[in-house]
Amino acid sequence: YFVAMCVTLVALQVMKMGQPALLYLVPGTLGTTLLLAWRRQEVASLWEGAACPGASAARPDAPFCSYCPGGHELRPCPADKGRCDGCGKGVAAGEPVMDCRRCNWYLCAGCR
């Protein structure tokens, strides 16, 4: 958004004429979103509007989730004893989970 707004201001200065901000903001924000989804191989989920399970809404039919809510990539790891951040079920120590160590956030096998 910030970059697109800067482009809008530059266009205003160069052309000495007001420009519709949405002409620059929409491609700037949608382009960034699509590029990030393409890089993460999640364009289909973005297009369908399907979200990865989060701490408040996990569903068994949810799409494959590769990132934590903070945007960090989840990695397979043995769990510390605790609760799945997707469904809230208990997870035994050593059970395989998809984990984000940076956020202390993980998904059990059922949510993944």
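**A walk through the sheet and its salt bridges**

At 8% relative accessibility, Asp99 counts as buried (buried means under 20% relative accessible area, exposed over 50% and partly exposed in between, with a 1.4 Å probe and protein chains only). Salt bridges that share partners link Asp99 with Asp80 and Arg101 in one network.

What you are looking at is a predicted model, in which local features need pLDDT of at least 70 and side-chain atom pairs count only at pLDDT 80 or more, while totals for chains, interfaces and linings use all residues. Residues are numbered from 1 along each chain as its sequence is written, and side-chain values use heavy atoms, with hydrogens and water left out.

How confident is the predictor? The score to read is pLDDT, the predictor's confidence in each residue, from 0 to 100. The protein chain averages 81, and 87% of the residues score at least 70. Helices (H or I, at least four residues) and strands (E, at least two) are DSSP runs, numbered from the N terminus. Confidence is highest in strand β3 (residues 90-91), at 91, and lowest in helix α3 (residues 43-48), at a mean of 81. Over residues 54-60, pLDDT stays under 50, and the model has ten contacts beyond four places in sequence for this stretch, a contact being heavy atoms within 4.5 Å.

Now to the sheet. Three strands make up an open sheet, in the order β1-β4-β5, with antiparallel pairing; two strands pair if DSSP finds at least two bridges between them. β1 and β5 stand at the edges with a single partner strand each, so one side of each has no neighbour in the sheet. As for β4, four of its five residues are buried, so this strand is largely enclosed by the rest of the structure.

You can follow the pairing strand by strand. β1 and β4 pair in the antiparallel sense over four bridges, and Pro78 stands opposite Pro96 in β4. On to β5: three bridges join β4 to β5, again antiparallel, and Met98 has Leu107 in β5 as its bridge partner. β4 and β5 form a hairpin with four residues between them, and Asn104 in the turn has a positive phi of about 55°.

Back to the charged side chains. Side chains of opposite charge can pair when their charged atoms come close. A salt bridge here is a side-chain nitrogen of Lys or Arg within 4 Å of a carboxyl oxygen of Asp or Glu, and by this rule the count comes to three. In one of them, Arg101 meets Asp99, with the closest N and O atoms 2.8 Å apart.

Arg101 lies in the loop between β4 (96-100) and β5 (105-107), and Asp80 in the loop between β1 (75-78) and β2 (82-83), so the pair ties together parts that are 21 residues apart in sequence. Both Arg101 and Asp80 are exposed.

Another salt bridge joins the side chains of Arg75 and Glu73, at 3.9 Å from N to O. Glu73 counts as partly exposed, at 44% relative accessibility.
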